[in-house]
Amino acid sequence: MVSVINLVLMGAVIVLHTLIAAVMTRFFRLRLKTQWGYILYALFLIPLVLFVSTLVFSGVFSIGVNLGSPTAAIGVMIGMPLALGFTIDTLYVPPPEEYENLPNSR
């Protein structure tokens, strides 16, 4: 039986994963000078971080509900936040080139 607390906590973890994905995508966009570099790092490094976070939250803290299959769990806990975070940063946050007063990097 699914409790309301588990659903709320799972929703909080999904929001946290989306925030992590958006911030990491932004970090890669600011640090990497190539157009495809941040995309490749975002597609390979962010899912690894989200996977470890999912293992911690669902294993150690027992947060979440039984989704029925590992594929559904990966899709909901990793795939959806990755897609949302990447989309939020890419489409809704201005690109780094639009900022004029960035500090000079060494």
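A nonpolar core is taken here as a set of buried Ala, Val, Leu, Ile, Met, Phe, Trp, Tyr and Cys residues joined through side-chain atoms within 4.5 Å, where buried means under 20% relative accessible area, exposed over 50% and partly exposed in between (1.4 Å probe, protein chains only). The model is predicted, with local features needing pLDDT of at least 70, side-chain atom pairs counting only at pLDDT 80 or more, and totals for chains, interfaces and linings using all residues. Residues are numbered from 1 along each chain as its sequence is written, and side-chain values use heavy atoms, with hydrogens and water left out.

**View A. The largest nonpolar core has ten residues.** Its members are Ala21, Met24, Phe28, Tyr38, Ile39, Ala42, Ile46, Leu50, Ile78 and Leu82. At least two residues of this core come from each of helix 1 (4–31), helix 2 (35–44), helix 3 (46–60) and helix 4 (70–92), helices being DSSP runs (H or I, at least four residues) numbered from the N terminus.

**View B. A second, separate core holds six residues.** Among them are Met10, Val13, Ile14 and Phe57.

**View C. Leu50 and its contacts.** Leaving aside residues up to four places away in sequence, Leu50 touches His17, Ile20, Ile78, Pro81 and Leu82, contact meaning heavy atoms within 4.5 Å.

**View D. Phe28 and Tyr41 form one of two aromatic pairs.** Rings of Phe, Tyr and Trp (its six-membered ring) pair if their centres lie within 6.5 Å, with planes under 30 degrees apart counting as stacked, over 60 as edge-to-face and the rest as tilted. The pair of Phe28 and Tyr41 is tilted, at 5.6 Å centre to centre and 40° between the planes, and it links Phe28 in helix 1 with Tyr41 in helix 2, 13 residues apart. Phe28 is buried at a relative accessible area of 8%, whereas Tyr41 is partly exposed at 44%.
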